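Please walk me through this structure in plain terms.

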Amino acid sequence: MQFGIFTVGDVTPDPTTGRTPSEHERIKAMVAIAKKAEEVGLDVVATGEHHNPPFVPSSPTTMLGYIAAQTKRIVLSTATTLITTNDPVKIAEDYAMLQHLADGRVDLMMGRGNTGPVYPWFGRDIRDGIDLAVENYALLHRLWREDVVTWQGRFRTPLQSFTATPRPLDGVPPFVWHGSIRSPEIAEQAAYYGDGFFHNNIFWPIEHTRRMVQLYRRRFEHYGHGKADQAIVGLGGQVFMRPRSQDAVAEFRPYFDVAPVYGHGPTLEEFTEQTPLTVGSPQQVVERYASMREHVGDYQRQLFLMDHAGLPLKTVLEQIDLLGEQVVPVLRKEMAAGRPAHVPDAPTHASLVAAAGGPHDSTVHAVDDVTGQSPDADPTDGRTLELVR
Amino acid sequence: MSGRTLAVVSAGLGQPSSTRLLADRLAAATAASLREQTGEAVTVTVVELRDIARELTDNLLTGFPPAGLRAAVEGVLAADGLVAVTPIFNASYSGLFKTFFDVLDEGSLQATPVLLGATGGTARHSLALEFAVRPMFAYLRSDVVPTAVFAASEDWGSTSAEGGLARRVDRAGSELATAVASRDPASSRPRSVVADGFDDPVPFEQLLTGR
C-alpha cells in the first residue's frame with residue numbers, strides 16, 4: 001500500500017498571525033514539503049492544478065520536474081490534472097516528458113475542476129464537464145498507446161497522422177487515476193479502462209465514499225479487469241497531530257474555524273466525526289485510518305492533505321515528520337495484516353513494465369525527407385487509425 | 001408498512017410559534033380527511049426547522065447533511081404528502097424555510113402532494129403564498145393543492161372557532177387528503193423516482209459515443 005501527501009496549493013492567510021505568504025514562498029514551500037515527504041519515507045507526493053487565485057500550481061509538470069530533480073524515490077503525481085480544460089495532446093506530451101526525466105516515477109490523477117469561470121478561460125464550458133472528461137481522456141489514452149493517431153472529436157481540432165512525443169518511457173504510459181467526489185460517470189470511466197479510482201473523501205461522510213467506491217469496484221469487475229476487490233482504489237485524508245491529543249485540538253482549532261471550504265460551519269468536533277479529518281495523537285490517526293478499509297475494502301493508496309488552511313511551513317514539516325515516523329509505518333503493518341494475496345498493490349512504472357514483458361524503446365523516428373524511409377518502417381505496422389466516430 | 005404518512009415542515013421561529021400552530025391545524029385536518037377517505041391509519045411527522053437551523057447552514061457550507069438533518073430529510077422524502085408552512089418575511093418565505101428545500105437533491109419532491117401555509121402580521125401579506133411560495137414548489141415540480149392557507153394575527157384573535165380560518169384549513173386539508181388518497185402509498189413505491197447513477201450507471205460505451 002502506498003502512503004503519500006497531496007496539496008491543493010492554496011495561498012491562505014495564517015489566521016493566528018494574519019500573515020499571508022507570497023506566491024514565491026508558497027511555491028518554494030511546496031517543494032520543501034515534497035522533499036520532506038521523500039525524506040520521511042512516504043511513497044507519493046501529488047500537486048493540484050489550478051488557474052485562479054488563491055492557488056499557485058498552474059504549471060504542475062514544471063513543479064514536478066523540479067521536484068523530480070531533487071528527489072530519488074518518491075512517486076510524483078497530481079491531484080488533479082484538469083482533463084476538461086487542458087488539451088489532451090499537451091497532457092500526453094508534458095507527462096511523457098516528465099516520465100522520462102523522472103525515470104518513470106510519475107502517475108496522474110484526472111479530475112474535472114469544479115470552478116465554472118475557469119472553463120471559459122480555456123474555451124470550454126463547465127456544462128460539458130463530463131463529456132470533456134470522457135472525450136479528452138479517450139484521446140489521451142490513445143496518444144500514449146498508438147504511435148500514429150488520426151482522430152476527430154467534438155471539442156478539439158482533429159488530428160491527422162499525429163505522433164505525441166516523446167513516446168512513453170519504456171513503451172509504458174503513466175498509470176492513471178480518476179478522481180471524482182460525486183460523479184458516478186467518472187467511477188464508470190475508471191472502471192471501463194481498468195484505471196485507478198481516487199475518492200477525495202476529505203470533506204465527505206464515509207457512507208458516500210463507500211457508495212462511490214462500491215460502484216467503481218462493481219463496474220471494474222463488469223469490464224473484466226479482475227475481481228471487484230482487485231480494483232485500484234485511493235482515498236484522501238486530512239489530519240493534524242501532536243503527541244498529546246489536546247494540544248493538537250488546541251493548535252488546529254483556529255485554523256479549522258476559518259478554513260476554506262468548511263470554516264464558519266460545523267464545529268471541529270462535529271466535522272471530525274462526520275469526515276476523515278482526524279485531530280489528535282498519532283495513535284488516534286492510526287486507529288482512524290486503519291478502519292477505512294472496513295468501509296471501502298483493501299485499497300492501494302492513501303494520500304493526506306497536510307498543508308492547507310494557512311498552516312505555516314514549519315508546522316507542516318513537523319506534521320509530515322509525525323506522519324512518516326509514527327503513523328505510516330504502523331499503518332503499513334495494519335493494512336498488510338489480513339490483506340488477501342490476490343489484492344494488488346498500486347501499479348508503478350516498474351510493475352507496469354514487468355506486466356508488459358519488459359521495457360522496450362518506443363521512440364518514433366521521423367521519415368527521412370531524402371529517402372522517404374523511416375527506421376521504423378514496417379509494412380505490417382503502417383497503421384493509419386480510423387476515426388472513432 | 002400500511003397506512004399513510006404526512007410530513008410537516010414548519011419554519012416558525014418563536015416558541016410557541018403561530019406558524020407551528022397553523023402547521024398542526026393543517027396536518028390534523030388533512031389526517032382526519034385522509035382517514036375518512038381511505039380508512040387507513042395516518043402517521044404525522046413534524047420537522048421543526050428551528051431545531052436543525054445550524055445543521056442547515058452546515059449543509060450549505062459543507063455540501064452534506066449532518067445526522068439530524070439527514071433524518072429530517074429522509075422523513076420528508078418518505079412521506080405520502082407534505083404540509084409546508086413558513087412565516088412571511090419581506091414579502092416571501094423565510095430564509096430558513098428556503099434553505100431546507102435548497103439542500104434537497106434535485107427531483108426529491110417531484111410529484112409529491114404539497115399543502116402550503118403561511119403566517120404573518122396582517123392579511124396584506126397573504127398573496128406571498130401565491131407569488132413566492134407556490135412558484136418555488138412549481139419549480140420543484142410538486143403537486144401543490146389549490147388552496148393555500150394564510151393565517152394573520154386577526155385569524156388567531158377570532159372568537160369563532162367556525163370562522164374563516166377553520167373553513168380554509170378544512171378545505172385545504174381535504175384537498176391534500178384527496179391528492180394523497182389518489183396515489184399508491186409511498187411505502188409501496190420505489191424509494192426514488194429519480195434515476196440513480198450509483199445503482200444504475202450509464203454504461204461507458206454510451207458515454208463514449210455521446211449518448
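In this predicted model, the contact between the two chains draws on 23 residues from chain A and 16 residues from chain B. On the side of chain A that touches chain B, four helices each supply at least two residues: helix 5 (129–143), helix 6 (184–193), helix 7 (206–222) and helix 9 (268–274). Helix 6 of chain A gives the largest share of that side, with five residues. Sorted by class, the residues on the side of chain A that touches chain B are 10 nonpolar, five polar and eight charged.

Next come the chains themselves. Chain A contains 13 helices and 12 strands. Its radius of gyration is 21 Å, close to the 21 Å that the globule rule gives for 389 residues, so chain A is as compact as a globular protein of that length. The C-alpha trace of chain A spans about 75 × 45 × 40 Å along its principal axes. Of the 389 residues in chain A, 47% are buried. If we take the contacts in chain A between residues at least 6 apart in sequence, 74% of them join residues at least 24 apart.

Chain B can be described in the same terms. Its secondary structure consists of eight helices and seven strands. The radius of gyration of chain B is 18 Å, close to the 17 Å that the globule rule gives for 211 residues, so chain B is as compact as a globular protein of that length. Along its principal axes, the C-alpha trace of chain B spans about 70 × 40 × 30 Å. Buried residues account for 39% of the 211 residues of chain B. Among contacts in chain B between residues at least 6 apart in sequence, 79% connect residues at least 24 apart.

Now consider how helices pack inside chain A. At what angle do helix 1 and helix 2 of chain A pack? Helix 1 (residues 23–39) and helix 2 (residues 60–70) of chain A pack at an angle of about 40°, and their axes are 10 Å apart. These two helices of chain A, helix 1 and helix 2, are therefore oblique to each other. The crossing of helix 1 of chain A past helix 2 of chain A is right-handed. Helix 1 of chain A contributes M30(A), V31(A), A34(A) and K35(A) to the contact, while helix 2 of chain A contributes M63(A), Y66(A), I67(A) and Q70(A). By class, the residues of this contact between helix 1 and helix 2 of chain A are six nonpolar, one polar and one charged.

A second pair is helix 3 (residues 88–101) and helix 5 of chain A, whose axes come within 8 Å and cross at roughly 40°. Helix 3 and helix 5 of chain A are therefore oblique to each other. Helix 3 of chain A passes helix 5 of chain A in a crossing that is right-handed. From helix 3 of chain A, the contact uses P88(A), V89(A), I91(A) and A92(A), and from helix 5 of chain A it uses N136(A), L139(A), L140(A) and L143(A). The contact of helix 3 with helix 5 of chain A has seven nonpolar residues, one polar residue and no charged residues.

R145(A) is placed in the loop between helix 5 and strand 6 (149–151) of chain A. Is R145(A) buried, exposed or partly exposed? R145(A) counts as partly exposed, because it has 14 C-beta neighbours inside 10 Å. The C-alpha atoms of R145(A) and G171(A) are separated by 8.1 Å, although these residues are 26 residues apart along the chain.

P168(A) lies in the loop between strand 7 (159–162) and strand 8 (175–179) of chain A. P168(A) is buried, because 22 other C-beta atoms lie within 10 Å. A96(A) is 72 residues from P168(A) along the chain, but their C-alpha atoms are separated by 5.2 Å. Leaving aside residues up to four places away in sequence, P168(A) touches A96(A), Q99(A), W144(A), P173(A), P174(A) and S362(A).

Q160(A) belongs to strand 7 of chain A. Q160(A) is exposed, because 11 other C-beta atoms lie within 10 Å. From C-alpha to C-alpha, Q160(A) and T150(A) are 4.5 Å apart in space and 10 residues apart in sequence.

Note on methods: Residues numbered from 1 in each chain as written. Chains lettered and ligands numbered in written order. Predicted model: local features only at pLDDT ≥ 70, side-chain atom pairs only at ≥ 80, totals over all residues. Contact = placed C-beta atoms within 7 Å. Nonpolar A, V, L, I, M, F, W, Y, C, P; charged D, E, K, R; others polar. Axes fitted to C-alpha atoms, helices over the stretch in contact; angles between N-to-C directions. Parallel < 35°, antiparallel > 145°, perpendicular 65-115°, else oblique. Left-handed = near helix turned anticlockwise from the far one by under 90°. Rg over C-alpha atoms; globule rule 2.2 N^0.38 Å. Buried ≥ 20, exposed ≤ 12 C-beta atoms within 10 Å, placed from the backbone.
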